[in-house]
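Please open the model in the viewer and keep the selection tool at hand.

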Amino acid sequence: MVTPVNPPPLDRTSPPPITQAWRQLAATLPEGVRVRLLRAVYGDPRAAVESVPLLTDRQTTGLDPLPTEPAELAPVLLRERRAEIRALPDDTRLLLLLAAADQYPVATDAFLRAVTAARLDTRCLEAAEAAGVAHAGAGGVVFRDAWTRIAAYESGSPADRRDVHRLLARVLGGAGGTPWRSWHRGAGALGPSARLAAELGAAAHKAATGGRLLLARALAERAAALCPDPPGQTRLIALAATYAWQSGDGDRARRLAAAGTDDALTGVLALRTGNAPEAFDALLTGVARVGTGTPDGGSRPTGAAADDVRRAPSAEAASDTGSRPTTKARPAALDASTPLIPTDVARPLAAPADTDHLLARATEAAIYTGDVRRLREAARVADRLGVVPPGTLGGLVAAFDGRYGDARDLLRAAVGQCGPGGDPTALIHAGIAALLLGDHTRATTATVRAAASARARGTPVAVAQAMEFRAYADFWTGRPRAGEAAAVDGLWQAHATGQDNGACHLQAALAMFAALTGEADLCRERAATARSYALAHGLGLPAALAQWALAFLDLSSGRFAAAAARLRALAGFGPGHGHRAVRHLATPHYVEAAVRTGDTRVARVAHADYDRWASTVRSPDDLALSARCRALLAPGADAVDHYRTALGLHSHGTRDFERARTELLFGSALRRLRRRTEARDRLHSALEAFDSFGAPHCAAQARTELRALGAPAAPAPDTADHPSTRLTAQQLLIARMAAEGATNREIAARLALSPRTIDHHLRGVFTRLGIRSRIELVRIVADAGEGEPL
């Protein structure tokens with residue numbers, strides 16, 4: 001018998017006071033707010049500590065966007081940095097101002113050219129280096145930190161700032177420098193100018209089509225500030241908000257959007273950060289306005305999925321003389337992860353592709369709420385406008401109406417749009433359709449391609465969305481380690497980009513992974529977090545998924561009555577609390593739990609509907625699970641043939657974890673029928689699979705059956721040399737981070753867990769590895785070759 005190891009407290013070192021103060025404050029903030037705030041202050045703990053007391057109650061809870069201007073975040077720190085800059089000689093300050101203007105808020109890499117053109121003496125930087133403010137580098141000036149760079153820029157007088165921007169604009173000649181030259185021309189302007197606003201708007205479009213969304217946002221925002229025409233200014237602000245959202249700056253996007261009246265943009269932001277039913281209503285209003293050409297605030301909102309856009313020739317930025325471009329361009333939508341790409345300041349777009357795109361987003365809102373009524377409403381609006389709705393929309397409506405043949409055809413059409421390099425939203429919808437059809441291989445392909453496409457286009461906002469549905473495919477196919485790592489990464493990206501609703505969905509998915517890997521406390525914590533947030537925001541999908549995770553944990557732990565009760569309750573939940581698709585997918589688990597408790601009446605009804613769907617879509621996995629349900633509901637020896645049919649179908653599918661559960665149930669049935677040899681073979685096969693999946697609860701059920709059979713069962717694998725064979729996926733991830741020197745709170749912040757949970761996991765790591773200190777952990781991870789950065 002192994003004596004449990006009780007390690008001493010894990011955080012022994014005393015961090016600097018500022019770092020400790022930030023940790024204490026960070027523990028009081030929601031994960032998303034904490035991650036975004038730290039990004040907003042450039043990772044500086046002192047600035048973060050200063051910022052927290054300046055936030056409103058609504059900002060600290062995530063209801064309102066965080067400040068985006070440095071002076072709103074850390075005014076005292078910025079004031080101190082300015083004082084340091086002002087203490088330097090005038091020539092030094094001028095060089096620092098030039099360098100800062102070249103780097104903030106847009107990096108243009110023109111400092112050395114500007115120095116040469118103006119014949120400036122860089123030896124003046126020696127004073128800055130002596131003061132520890134900045135030093136000369138190979139490519140220009142390297143500031144001590146971001147706050148010093150901002151202070152160097154803001155310490156210059158308005159006239160000096162205009163002069164350095166004009167100098168930088170002059171040296172940025174050539175077609176390749178057009179967007180950056182336009183930026184400096186706009187930053188050097190004295191006041192409103194329709195000509196400069198047009199130039200900056202065209203430059204923003206050019207930057208965006210090249211994937212430089214941060215530059216595009218800055219250009220559009222500056223264009224709006226210079227535009228003397230109120231309707232044009234409104235369009236440019238919406239454009240800036242769109243680019244900010246696409247680039248992952250959710251707080252800036254929400255602040256900019258608040259200045260407009262665009263239902264479509266408001267709807268997408270609400271879909272990702274607010275109340276999902278309200279998001280649906282706003283998006284459908286946007287569909288109606290675009291489809292009927294109704295103006296909104298003097299302009300018509302526009303948007304298009306990238307694959308549907310007919311790209312017109314791009315308008316070149318105005319020349320250095322400032323002439324207005326004569327070619328009007330239709331800005332191509334970079335990524336369907338946003339609902340709206342406003343036009344240039346000249347004219348709106350035609351509507352058809354726009355309504356397609358907005359309907360796709362409305363579909364997502366209805367999916368998140370689980371509200372069948374809203375799905376049908378979106379389908380009726382599409383029909384009234386003569387627009388072919390997205391395949392996922394039509395497929396879901398048909399499925400929820402019981403028209404399974406129509407649903408199959410529509411969903412298959414949507415799955416067909418998962419080619420490489422496509423629009424991220426179309427790929428995500430293809431992945432959703434594939435999941436509903438039970439085609440988990442294509443679901444994985446579509447969601448992986450969606451994430452890759454989003455990264456290639458510079459739109460991180462869509463990466464987290466792809467990860468949400470990638471997690472399902474990994475779960476079904478028994479790849480908890482890869483799926484959990486992808487979901488943890490997606491969770492961080494969702495928080496960083498301001499997509500708290502997506503983060504909730506990923507929390508629920510991680511609860512499912514924790515249920516599979518037998519981490520009961522973590523499963524309950526994740527599920528509670530997800531359900532609390534989901535119910536407050538009308539998110540039926542993650543609420544239902546979290547409930548299913550708890551039910552699966554009960555089922556795999558032998559608490560059959562509790563599992564059946566949870567799944568029955570799930571069937572009765574309404575919009576915002578449950579989800580018909582999740583209820584349907586959980587049917588095989590409900591049948592198993594109901595049979596174990598002797599309550600089969602409702603289970604037979606649920607199975608009949610599930611079997612009708614499986615027979616229609618002809619997915620091997622769904623047919624196998626239907627056969628397994630039939631076996632569970634059959635008396636005695638009649639179940640054997642159904643189990644054999646199920647395993648035969650499983651061999652053509654991808655849900656390896658469910659195949660192992662079928663073998664477990666078949667082995668148990670064979671044991672009761674006294675068919676000992678075949679029962680032993682089936683149970684050993686199931687045990688081997690569960691051990692490989694890292695599913696200890698299910699493995700324990702298989703061992704219990706083998707003991708009842710009188711057959712020896714291999715002990716749980718806890719003596720191999722490689723840590724990955726002794727730790728769960730979550731424990732291995734935490735062990736790696738701890739071995740790299742991260743503290744409990746730092747690990748908690750990165751993984752969006754509580755420090756208490758991290759401490760719990762590390763104690764489990766210590767116990768499983770038989771060690772007492774972090775020094776030993778570093779050695780074990782290094783010896784196993786697991787010390788590379790995550």
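Is Tyr404 buried or exposed? Select this residue in the predicted model: Tyr404 is buried, with a relative accessible area of 7%.

The distance of the centres and the angle of the planes describe a pair of aromatic rings. Seven aromatic pairs are counted in this model. In one of them, the ring centres of Tyr404 and Trp613 lie 5.1 Å apart and the planes stand at 85 degrees; the pair is therefore edge-to-face, as planes over 60 degrees apart are classed in this way. Now colour helix α22 (residues 404-415), which holds Tyr404, and helix α33 (residues 601-617), which holds Trp613. The pair therefore ties together parts that are 209 residues apart in sequence.

Move on to Phe657 and Phe693, both of which are buried. Their ring centres are 5.6 Å apart and their planes meet at 50 degrees, so this pair is tilted. Phe657 belongs to helix α36 (residues 656-672) and Phe693 to helix α37 (residues 676-693), so the contact links parts that are 36 residues apart in sequence.

Finally, select Tyr153 and Arg161. Here Arg161 is placed over the face of Tyr153, 5.4 Å from the ring centre.

Conventions
Residues are numbered from 1 along each chain as its sequence is written. This is a predicted model: local features need pLDDT of at least 70, side-chain atom pairs count only at pLDDT 80 or more; totals for chains, interfaces and linings use all residues. Side-chain values use heavy atoms; hydrogens and water are left out. Rings of Phe, Tyr and Trp (its six-membered ring) pair if their centres lie within 6.5 Å; planes under 30 degrees apart count as stacked, over 60 as edge-to-face and the rest as tilted. Helices (H or I, at least four residues) and strands (E, at least two) are DSSP runs, numbered from the N terminus. Buried means under 20% relative accessible area, exposed over 50%, partly exposed in between (1.4 Å probe, protein chains only). A charge sits over a ring if NZ of Lys or CZ of Arg is within 6 Å of the ring centre and within 35 degrees of the ring normal.
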